[in-house]
Amino acid sequence: MVFKRLMKAMGVGGPSVETVLANPNCRPGGQLEGRIQVLGGDHQVDIDHVALALVTRVEVESGDNDYDTTQEFHRQPVTGAFRLEPGQRYDIPFRFDVPWETPVTELYGQRLHGMTMGLRTELEVARAVDKGDLDAVSVHPLPAQERLLDALLRLGFRFARADVERGHIYGVHQTLPFYQEIEFNPAPQYARSINQLEVTFIADARQMQVVLEVDKRGGVFTEGRDAFGRFTVDYATADRTDWTAELDNWLRQSLTRRGLFS
């Protein structure tokens, strides 16, 4: 996606900026590449800096009120200060690092309902900052994440939606101030026992933590409850595990222990 916007903060005749992504598709831990073109306006200006930042929509729980906000979670300077002459074109190639914990937005070529992700270009002149528009970015799962998601689909679970929630998961090391939940409707064999299954990935360069949360159905005299599971997946050995059998076994044991599955 390409955007071009007159820098309102500089007034009429100020510089304009155009960002071009070579490919808007990426994976966590990968890179986005492209170039930024800054075009001089009617007069000379001193650019303080040009930066790029990833932003996404985050759900925030605040007391009894929940709200969504757009949150920047990774920023990378592209260039320092430079002088831009009238009509001058200044090209800036870039490679932008995508954090390992970046939420996934695509699954099997389809956008995950509820997810937004964008790369924002920021240009500052004389302390006036224009954050520009967003270039849409598509974040695809890591191979290990694909294997687990594919196993759930083979079990009969169906994707419902995904969201990003501000906060930290107890007992899990996070570098970002939020985590993604990918929600699935239950497979037929579990439909009488659970309402939904939520999956969270917290990845780094060598492995990922997988957090499973089961929202269990309540009975006539009981309330619905949640069950949690957490395990580590090493990328080097992820393809040696039958994840369909592993996940099915965990779900059955978790529900059986609570008398919800037999």
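The protein has two helices and 19 strands, where helices (H or I, at least four residues) and strands (E, at least two) are DSSP runs numbered from the N terminus. The model is predicted: local features need pLDDT of at least 70, side-chain atom pairs count only at pLDDT 80 or more, and totals for chains, interfaces and linings use all residues. Residues are numbered from 1 along each chain as its sequence is written, and side-chain values use heavy atoms, with hydrogens and water left out.

**Exercise 1. Describe the burial and the contacts of the protein as a whole.**

Step 1. Apply the burial classes: buried is under 20% relative accessible area, exposed is over 50%, and partly exposed is in between (1.4 Å probe, protein chains only). Of the 262 residues, 47% count as buried.

Step 2. Take the surface, from the Shrake-Rupley method with a 1.4 Å probe. The accessible surface of the protein is about 13,300 Å², and carbon and sulfur atoms hold 46% of that.

Step 3. Take the contacts (heavy atoms within 4.5 Å). Among those with a separation of 6 or more, 61% join residues 24 or more positions apart.

**Exercise 2. Locate the largest nonpolar core and state which parts of the chain supply it.**

Step 1. Such a core is a set of buried Ala, Val, Leu, Ile, Met, Phe, Trp, Tyr and Cys residues joined through side-chain atoms within 4.5 Å. The largest one has 62 residues, and L119 and F157 have the most contacts inside it.

Step 2. Strand β5 (residues 45–62) gives the most to this core, with seven residues.

Step 3. Domain 1 (1–139) and domain 2 (143–256) both contribute residues, so the core lies between them; the bounds come from an automatic or database domain assignment.

Step 4. Leaving out residues up to four places away in sequence, F157 touches L152, F184, N185, P186, A187, Y190, I194, L197 and L251.

Step 5. Another core lies apart from this one; it has five residues, including I169, Y179, I202 and V211.

**Exercise 3. Characterise strand β2 and its pairing with β4.**

Step 1. Strand β2 (residues 16–21) is mostly covered, as five of its six residues are buried.

Step 2. Two strands pair if DSSP finds at least two bridges between them. β2 and β4 (residues 31–39) pair in the antiparallel sense over six bridges.

Step 3. For E18, the bridge partner in β4 is Q37.
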